[in-house]
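Subject: Handover of the two-chain model

Hello,

Here is the structure for your files. My notes on what was found in it follow below.

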Number of protein chains: 2
Amino acid sequence: MKNLVLLLFFVGLNTFAQAQEAIHKEKIQAIYQQALTQGKAYRWLDHLSNNIGGRLSGSLNAERAVQWGKDELSNLSLDRVFLQPVMVPKWVRGTFEYASIITGPGRSMNVPVCSLGGSIATPSAGLLAQVVEVKDFEELEALGAEKVKGKFVFYNRAMPAGLINTFEAYSKSVDQRSRGAAVAARLGAVGVIVRSMNLRLDNYPHTGAMNYGDLPNKLRIPAAAISTNGAQLLSSMLSLNKNLDFYLKQDCKNFPDVPSHNVVGEIKGSEFPNQIIVVGGHLDSWDLGDGAHDDGAGIVQSMEVLRLFKTLNYKPKRTIRVVLYMNEENGLRGGNAYAKFAKSNKENHIFALESDAGGFSPRGFIFEASKAQFNQILSWKTYFEPYLASNFQLGGSGADIGPLRNGKTVLSGLRPDSQRYFDYHHAANDIFDAINKRELELGAAAMASLVYLVDQYGF
Amino acid sequence: MKNLVLLLFFVGLNTFAQAQEAIHKEKIQAIYQQALTQGKAYRWLDHLSNNIGGRLSGSLNAERAVQWGKDELSNLSLDRVFLQPVMVPKWVRGTFEYASIITGPGRSMNVPVCSLGGSIATPSAGLLAQVVEVKDFEELEALGAEKVKGKFVFYNRAMPAGLINTFEAYSKSVDQRSRGAAVAARLGAVGVIVRSMNLRLDNYPHTGAMNYGDLPNKLRIPAAAISTNGAQLLSSMLSLNKNLDFYLKQDCKNFPDVPSHNVVGEIKGSEFPNQIIVVGGHLDSWDLGDGAHDDGAGIVQSMEVLRLFKTLNYKPKRTIRVVLYMNEENGLRGGNAYAKFAKSNKENHIFALESDAGGFSPRGFIFEASKAQFNQILSWKTYFEPYLASNFQLGGSGADIGPLRNGKTVLSGLRPDSQRYFDYHHAANDIFDAINKRELELGAAAMASLVYLVDQYGF
């Protein structure tokens, strides 16, 4: 008799679990169906990319994007939409950037360059100097001030093509761009030319943030990126004539900080309104392209998560919040401000999800979580297998949600296929045309599915 | 004592298995490293796409591709390179294809169309007729001959966007293209216009094979594809005026069969030379683009498998053969001829791998295998996990290797991400520019790794 009760109990449990599982499967299928057949992410991104365009922090376009984000979220009939004020850096590219390799009197070749974000200008007549090519700081330091003084330092270490994850290849190369000028300046260099962070050989220079650290103003030197083809050419010309001259002219400029905003929208939780789940991307972008992949995609995917819930009439148990962060690219002021705001309001964030790795076919998610939390997440893998988005790993999640890290909140990043990302990243070809509608939509659907499961179970 | 021996035996086994596993991991890593940093697939595809171009069976370009394939394989110092003669169909697009929607006197709009492969021409003055739009054969049959006679049938069933695997969506739609003319002709239609097999809205008409089945010559009617934007426009205009006229003019033509070839190269196995592992793609393509994805990618990836083995100085135990099949697109004559050749030579094929799903980021492989064989394959999954190519499923493998199906030979297809494939498939934009070098190379490396494991263990 006791066994029979136990049996019925377990059968009941099993049936309940199976029923739950069937409900989740159905809900996730509905999310994908809606995203792929009636999705709004692609149309939103078309507008953000083509009607607004590049939106560097502190620019008029960034403010137009803030207004657009607020308006579109308001159209979703969320429970609350508001702006969070944040002061952001303002750096302006200026009206020209120009470089050439000069191999002799009257013999020069233009090469595609762009100023690195945060760099100072050259003198108005430009800079003319010889070039010393290095692979890394070690090689540069070994050369010493004597061989560097008065010259351009040309950092030409390619992203390692043998790595499968291109973000890993990026992290192994980006020090040239971010710290290259500061290191070279201390050795007396007059400027730096940095090989673009791009695995492909092409003619697009890729910008991105650099900073001078604590280098005094008077020691600062201009920094520019050169396209990968340009880098190959310069290196090849240097091997023929190490005394050739390089000419660089750029008139970018740093201004004092200006006010801007994060855009926030939320659906209030029906059971646990104080448990907050946040999903977001960054609204600012670099200025060369229109920032469709970085990070227009993350913005519209995050907005789509809330739109999907509203459209499918899903009433979350927990509060679901979308945040369009300002200033990820050159300051992270928005991410920091959001975390500060959350802390000062004593908010309980149980989960933060970021999409900032391009609008490509999703492969899965990366998590910052405790062992117990990650085990719970792994139990959801099967829901994502039919959608080929079940690659779940532990690792660094995302820049904008980083300031929420507290050892309790689970942080996560969407992980799309990374192969094409650095073809476009921070370059003039990061435009709406480089977006595949279905890949973008699949990312939004995967994110909504994960947020749904977190909302169902909590942590 | 006996237990100790047993223990040592098992420890030995374990150590041996671990050592084997370490060797395989290292070999696979070397394969990926070589493919991604020194690979030849991309350069080969550049040549095949840009210096040869579209290569429809029976065309001069197809013969140039055969010669190129033979030459390049010969350059790899394989043990044997040879051509297999095969007669192929010859259909020629002709010099023009043109269509317009005519809504009134002097009011017409051009729409992008292309002849379907195998179609007959229109009369030289073109065809002018009203249009009846249908979603499927059922709807058409329900209309009956009375409402169809003398008109164009416009098949306008979109590929279902809600499916994750776009090949599945394709298989649910392609009957309109392949059999649409034969079905409509029997009801007295004068021609058929078929919505392109494309999940995107754009202006590219997509060609592809159609056939008239056993329809007598005198009943045959011309068939053309219309771009998805064109289909939307035509449908929308029909909803305003169901009596509008459609004008189609095309001068494609079928010719008698002509001789062509499969190209075959092989490395002789060192231990089991009579066990053959074959890897391949199809050398022919449609004629609108240059067939970079369909199936230039599969060709160069298959060639790269053997080049990788040679370059890495790997001496296979079993015979590894690459086959560049002719005429997959409109006849499958090459695949059939290869299987016939294998049978008549009493060859023992243990494994056949095909790449014919585009040069996109690989997600895994599909297999036709017995339960025992598939279990063995599943034990290799972990080798592919670091490369995000470990999605192993049972299912239909590939057209060209289909004729080798005998219940013993394991058949397999590379499965790249499918989201973008039908953006390019059979259309003028299937060109080299649509190829990402790393994605192509990752596919080749995944294929070489699988072939390596099959060579190591057999079935």
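Which residue is the bridge partner of H282(B) in β12(B)? The bridge partner of H282(B) there is Y325(B).

Some conventions before the rest. This is a predicted model, in which local features need pLDDT of at least 70, side-chain atom pairs count only at pLDDT 80 or more, and totals for chains, interfaces and linings use all residues. Residues are numbered from 1 along each chain as its sequence is written, while chains are lettered from A and ligands numbered from 1 in the order in which they are written.

The sheet in chain B

Helices (H or I, at least four residues) and strands (E, at least two) are DSSP runs numbered from the N terminus, and two strands pair if DSSP finds at least two bridges between them. In chain B, 8 strands make an open sheet with mixed pairing, ordered β1-β10-β12-β11-β13-β16-β14-β15. β1 (80–92) and β15 (391–394) of chain B each have a single partner strand and stand at the edges, so one side of each has no neighbour in the sheet. On average, neighbouring strands of this sheet are turned by 20° against each other, direction ignored; axes are lines fitted to C-alpha atoms, for helices over the stretch in contact, and angles run from 0 to 180 degrees between N-to-C directions.

Strand β12(B) is joined to β11(B) by 8 bridges in the parallel sense and to β10(B) by 5 bridges in the antiparallel sense. In the β12(B) strand, L324(B) stands opposite V263(B). β12(B) is mostly covered, with 8 of its 8 residues buried. A residue is buried if 20 or more other C-beta atoms lie within 10 Å of its own, exposed if 12 or fewer, and partly exposed in between, with C-beta atoms placed from the backbone.

β11 (residues 272–282) and β13 (residues 348–354) of chain B pair in the parallel sense over 6 bridges, and G280(B) stands opposite E354(B) in β13(B). Helix α9 (residues 333–344) of chain B packs on the sheet and touches β1, β10, β11, β12 and β13 of chain B. The direction of α9 makes about 140° with that of β1(B). Contact here means that the C-beta atoms of two residues, placed from the backbone, lie within 7 Å. Helix α3 (residues 60–75) of chain B lies across β1, β10 (253–267) and β12 (318–325) of chain B, and runs at about 5° to β10(B).

Nonpolar cores

A nonpolar core is a set of buried Ala, Val, Leu, Ile, Met, Phe, Trp, Tyr and Cys residues joined through C-beta atoms within 7 Å. The largest one has 132 residues, of which L45(B), V153(B), V192(B) and V451(B) touch the most other members. Its largest share, 11 residues, comes from helix α13 (residues 437–457) of chain B. Domain 1 (30–90 + 256–457) and domain 2 (94–251) of chain B each give this core at least three residues; domain bounds come from an automatic or database domain assignment. Leaving aside neighbours within four places in sequence, V192(B) is in contact with residues including F152(B), V153(B), I221(B) and A223(B).

Domains of chain A

Chain A is divided into domain 1 (29–91 + 256–457) and domain 2 (94–251). The centres of these two domains of chain A, taken over C-alpha atoms, are separated by 33 Å. Between them, 16 residues of domain 1 of chain A are in contact with 18 residues of domain 2 of chain A.

How the chains relate

A rotation of 180° with 0.0 Å of shift along its axis superposes chain B on chain A, with an RMSD of 0.0 Å. That is the relation of a two-fold axis. The superposition is by least squares on the C-alpha atoms of residues with pLDDT of at least 70 in both copies. At the interface, 22 residues of chain B are in contact with 22 residues of chain A. The largest share of the chain B side, 4 residues, comes from α13(B).

Two residues of chain A

H24(A) is found in helix α1 (residues 2–38) of chain A and is partly exposed, with 18 other C-beta atoms within 10 Å. Not counting residues up to four places away in sequence, H24(A) touches Y383(A) and L453(A). K135(A) has its place in the loop between β5 (127–134) and α4 (137–148) of chain A. K135(A) is partly exposed, with 13 other C-beta atoms within 10 Å.

Regards
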